[in-house]
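Reader: I have a protein model open and I am new to this. Can you show me how to read it, feature by feature?

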Amino acid sequence: MGIEVVTGRVATDLEYLKRFTATPGNGCTRLPFTKEAREAADYLKEIMAEAGMEVREDEAGNVFGLVKGEDESAPCVMMGSHYDSVQNGGDFDGIAGVICAIEVARQMKENGFTPKRNFVAAAFCDEEGMRFGTGYFGSGAMLGHRDVEYCKKFADKDGITYYEAMKGYGLDPEVIEKAAWPEGSIGQFLEAHIEQGPVLDAEKIEIGLVNGIVGIQRYMVTVHGRSDHAGTTPMDMRKDAVEAATKVISKIPDWAREKADGTVATTGFIKVTPGGMNIVAESVEFTVDIRSMNNDNINDIANRIRAALDRETAAIGGSYDIDTKLIITPVELDMSMLKVMEESCKTRGYSYKYLPSGAGHDALEIGQVLPTCMVFVPSLDGRSHCPVEFTKYSEVARAAIVMADLAEELLK
Ligand code: GLV
Ligand code: MN
Ligand code: MN
């Protein structure tokens, strides 16, 4: 299939999907179990059906399109990504990979290619973890890693749990475990994604062959102090939650820098309660997101944060608690599948480079247990998780073409 045709179709779909945002004119905000998520899921179902796939939505809000193979009982090849976004994110993160998967199915059909095994295009629900502070909800459910307790445990900033949000979306969290695929039913997982970093764009490389994905730990920390009058409470008689929290927060970036191996750590959310100019803070909530290809580094920084919290909260006579949102170890991706795509790049004359991913992906969750591979395409100026995120449709099309080559190789 010529790249022009693929580019045109990818453009049509991604342009259409852009409208499903809660923040029109200010990036893509498509949080899980919302009206926008429903609209996007319905559109995806429609185009999957048009591409000749058998379509279903599962108990976790994932959408699957099936191209039947000659042996339907053999482990399938699954390809996909997520259809949710972060708050005020871009129009490519996740959804471009879903469209690539559907495009691979279209190409199989047009090429008259009947796969030996099933090919499944997947659109996962809630990869980002934006709403509930978690991550990989849908792909985790597919692997049997989510249960009703999980759905009751995590809540969004308005106190709405997964459990409640799912009910409002027409899903039954009581049967979330039915979303799990039988062991052995998925043979390989493939994901196309925008890079979300600057390397490919800066080096003018067309395809990134992703050889590994960082491990991630995410925490919500609450430091408890005592609210008091800011003017009358002497400095040695106050329990200032901001003082203790910021002393810890300010050290976290340096602990990551010290590792000098690409380890990163971020506090992206801070909330002071009650939050008044003339009130000593009662409490501070903050998030920590730590990532590295070296899991020991992640554990070390998490331990240092706990030790610093012990010290700094004792110093103010306060306390703290930590809510663990996500712990996932780094993965190495499947070299044999990457090699097939390297050959495809050579044949097609696409420039390529092997690189690791600092962003999390459904492939990180799935790569823990199944042979998994990923390709990246360039992100303009490396910008992502913001409204200016941009990748040319012709660049997205290249990922679909390279992945179609791999899928046909696996399924012949
Ligand atoms: C998701 O894109 C993440 O890496 O947080
Ligand atoms: Mn993504
Ligand atoms: Mn993202």
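Author: Start with helices and strands. Helices (H or I, at least four residues) and strands (E, at least two) are DSSP runs, numbered from the N terminus. This is a predicted model: local features need pLDDT of at least 70, side-chain atom pairs count only at pLDDT 80 or more, and totals for chains, interfaces and linings use all residues. Residues are numbered from 1 along each chain as its sequence is written, chains are lettered from A and ligands numbered from 1 in the order in which they are written, and side-chain values use heavy atoms, with hydrogens and water left out.

Reader: How many helices and strands are in the chain?

Author: The chain has 13 helices and 16 strands.

Reader: What radius of gyration does the chain have, and what would a compact globule have?

Author: The radius of gyration is taken over C-alpha atoms, and the globule rule is 2.2 Å times the number of residues to the power 0.38. For 412 residues, that puts a compact globule near 22 Å; the chain has 22 Å, so the two agree. Along its principal axes, the C-alpha trace spans about 80 × 45 × 40 Å.

Reader: Which residues does glycine 382 touch?

Author: Leave out residues up to four places away in sequence. Glycine 382 then touches Gln196, Gly197 and Pro198. Glycine 382 sits in the loop between strand 16 (372-377) and helix 13 (393-411). It counts as buried, at 14% relative accessibility. Its C-alpha atom is 8.2 Å from that of alanine 202, 180 residues apart along the chain.

Reader: Now the backbone. What should I look for?

Author: Look for exceptions. Most residues other than glycine have a negative phi, and most peptide bonds are trans.

Reader: Where is aspartate 126, and is it buried or exposed?

Author: Aspartate 126 lies in the loop between strand 4 (119-124) and helix 4 (137-142). It is buried, with a relative accessible area of 0%. Its phi is positive, near 60°.

Reader: Is alanine 260 buried or exposed?

Author: Alanine 260 counts as exposed, at 69% relative accessibility. Its phi is also positive, near 50°. Find it in the loop between helix 9 (252-259) and strand 9 (264-266).

Reader: Which peptide bond is cis?

Author: The bond from threonine 273 to proline 274 is cis, with omega near 0°. Proline 274 lies in the loop between strand 10 (270-273) and strand 11 (279-280).

Reader: How do I read a metal site?

Author: List the donors. These are N, O and S atoms within 2.8 Å of the metal (3.2 Å for Na, K and Ca); water is not among the atoms, so sites may look incomplete.

Reader: Which residues coordinate the manganese ion (ligand 2)?

Author: His82 (NE2), Asp93 (OD) and His193 (NE2) do, at 2.0 to 2.2 Å. Their spacing in sequence is H-x10-D-x99-H. Aspartate 93 lies in the loop between strand 3 (76-82) and helix 3 (95-110) and histidine 193 in strand 5 (residues 186-194), so the pair ties together parts 100 residues apart in sequence. Aspartate 93 and histidine 193 are both buried.

Reader: What coordinates the manganese ion (ligand 3)?

Author: Its donors are Asp93 (OD), Glu128 (OE), Glu128 (OE) and His385 (NE2), at 2.1 to 2.6 Å. Along the chain they follow D-x34-E-x256-H. Aspartate 93 bridges this manganese ion (ligand 3) and the manganese ion (ligand 2), which lie 3.5 Å apart. Glutamate 128 is in the loop between strand 4 and helix 4, so its pairing with aspartate 93 ties together parts 35 residues apart in sequence. Glutamate 128 is buried, with a relative accessible area of 9%.

How values were computed: Buried means under 20% relative accessible area, exposed over 50%, partly exposed in between (1.4 Å probe, protein chains only). Contact means heavy atoms within 4.5 Å.
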